[in-house]
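Please keep the sequence and the structure in view while reading.

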Amino acid sequence: MFSTLFLISLGLFILSVLAAGFVRKYARFTTMALLIFFCTTLLLMAAMLAVKLSGGTFSFLNPLWLVLLALPILLLVLRLFYKGSFAKPLDYPLAGFLKQDFSLYAAANRYLPLGLTLCALVLFIIALARPVSVNKTKLPPTQGIDIMMIIDGSASMNNKDFFPNRFVAAQKTAIHFIGKRFNDRIGLVVFAKDASLAAPLTLDHDALKELVATLYIGIVNPQLTAIGDALGVAAKHLKDSSAKSKIILLLTDGSNNAGTLDPLLAAKAAAAYGIKVYTIATASPPGTNAFSSHEDEIDEGLLINIAKETDGAFYRAKNEVELQKIYDKINEMEKTDFNQTDIVSRTDIYRPFLLLGTALLLLAFALRKLIFIKVP
């Protein structure tokens, strides 16, 4: 845009000079074109300086002052076409015999200090309007959904009806789920006969995914399944959370046959703290494949009641693909909504305009007193 305006100004000046070469009375318009070209060039340089200083984004804190930009234009028109308003003419009887040729030096003598003064005035007006560089920084959300993941580490999770087994499938889908929850704090509980807090609520998802990947069957006593204790441990670490939404993802392939806390009682306690529990049964129904049997059938009724008690939902995964779809569905249901917060910082950039305007004013004064000296 700046280069286009510069070329237009230059083109008008060249046309005026060519016209003045053939028609003498156009000399005044040529002078005006020269002055406009010079002023436009300086102002475009100032505009490019502003863009450079602001990084491409700037605005004015006091834009009403820009109305005064009409003043330099008015002064220029009055000076060029109504000279009597600025100086008292002298009567000279032989003025009609003087040769009136266009002279670039004479035009510069007459109008260059004026142009510099008007440019300085424009720059001072721009400085009064308080140009500022505007920088916007988007803040990441500070609080999302708090999630506790519970993974069954009992011996039955080694069953191969999932590929390569139930436990590894649970690890992979859990890691995938964690990778999609960018702004949520997530913790982890691993259980079998005992329930253990493997990771507290954290935003360090990379570390949490590494931890999930290093889990193995036997990290806790794998002989039995204490669903109630696992729910209790997870609920304990969520109860004091200030998050708007608190959820537990309970993944298991068995029935509650160990522990000291009744699963439904633990579910009621979780519901009292506003915690929602999603239960995921990870096992193929008996007889659906060579690896499924009645010996490790899941207590679906218990998992359904836990989910119902906490206003959650129950899901049954028959293979690793379905398990992945369940996690994806929960991910879609439990969206974290935030109002984007922006920090707007403004940096004053009026000083260069003041300095440049002062320099032009001093230059105009020096030209009048040292070069374009007028003798009365």
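This is a predicted model: local features need pLDDT of at least 70, side-chain atom pairs count only at pLDDT 80 or more; totals for chains, interfaces and linings use all residues.

Two residues are said here to be in contact when heavy atoms of theirs lie within 4.5 Å. With that cut-off, and leaving aside neighbours within four places in sequence, Thr310 is in contact with Ala267, Ala270, Ala271, Ile275, Lys276 and Val277.

**The chain**

- The secondary structure of the protein chain comes to eleven helices and nine strands.
- Of the 376 residues in the protein chain, 39% are buried.
- When contacts between residues at least 6 apart in sequence are considered, 83% of them in the protein chain join residues at least 24 apart.

- Helix 8, formed by residues 263-272, packs with helix 9, formed by residues 300-309, at an angle of about 15°, and the axes of the two are 8 Å apart.
- Because angles under 35 degrees count as roughly parallel, helix 8 is described as roughly parallel to helix 9, and the crossing of this pair is right-handed.
- On the side of helix 8 the contact involves Pro263, Leu264, Ala267, Lys268 and Ala271, which meet Leu302, Asn305, Ile306 and Glu309 of helix 9; by class, these residues are six nonpolar, one polar and two charged.
- Thr310 is found in the loop between helix 9 and strand 8, the latter spanning 313-317, and Thr310 counts as buried because its relative accessible area is 5%, the limit for buried being under 20%.
- The side chain of Thr310 reaches two backbone atoms, namely the nitrogen of Val277 at 3.0 Å and the oxygen of Ile306 at 3.1 Å.
- Ala267 and Ala271, which take part in the contact of helix 8 with helix 9, are also among the residues in contact with Thr310.

**Helix 5 and helix 10**

- Helix 5 (residues 166-180) and helix 10 (residues 320-333) pack with their axes 10 Å apart and at an angle of about 25°, so that these two helices are roughly parallel to each other.
- The crossing of helix 5 and helix 10 is right-handed, and the contact is made by Ala169, Ala170, Thr173, Ala174, His176, Phe177 and Lys180 of helix 5 together with Glu320, Leu323, Gln324, Tyr327, Asp328, Ile330 and Asn331 of helix 10.
- The residues of this contact between helix 5 and helix 10 divide into seven nonpolar, four polar and three charged.

- Thr173 is found in helix 5 and counts as buried, because its relative accessibility is 3%.
- A polar atom of the Thr173 side chain lies 3.1 Å from the backbone oxygen of Ala170, while, residues up to four places away in sequence not being counted, Thr173 touches Glu320, Leu323, Gln324 and Tyr327.
- Phe177 is likewise found in helix 5, and at 2% relative accessibility Phe177 counts as buried.
- Residues up to four places away in sequence again being left out, Phe177 touches Ile147, Met149, Leu249, Tyr327, Ile330 and Asn331.
- Phe177 and Tyr327 are 150 residues apart along the chain, and yet their C-alpha atoms are separated by 6.3 Å.

Definitions and conventions. Residues are numbered from 1 along each chain as its sequence is written. Side-chain values use heavy atoms; hydrogens and water are left out. Axes are lines fitted to C-alpha atoms, for helices over the stretch in contact, and angles run from 0 to 180 degrees between N-to-C directions. Helices (H or I, at least four residues) and strands (E, at least two) are DSSP runs, numbered from the N terminus. Angles under 35 degrees count as roughly parallel, over 145 as roughly antiparallel, 65 to 115 as roughly perpendicular and the rest as oblique. A crossing is left-handed if the near helix is turned anticlockwise from the far one by less than a right angle, and right-handed if clockwise. Ala, Val, Leu, Ile, Met, Phe, Trp, Tyr, Cys and Pro count as nonpolar, Asp, Glu, Lys and Arg as charged, and the others, Gly among them, as polar. Buried means under 20% relative accessible area, exposed over 50%, partly exposed in between (1.4 Å probe, protein chains only). A polar contact is a pair of N or O atoms within 3.5 Å; within protein, one must be able to donate a hydrogen and the other to accept it, and residues adjacent in sequence count only if both atoms are side-chain atoms.
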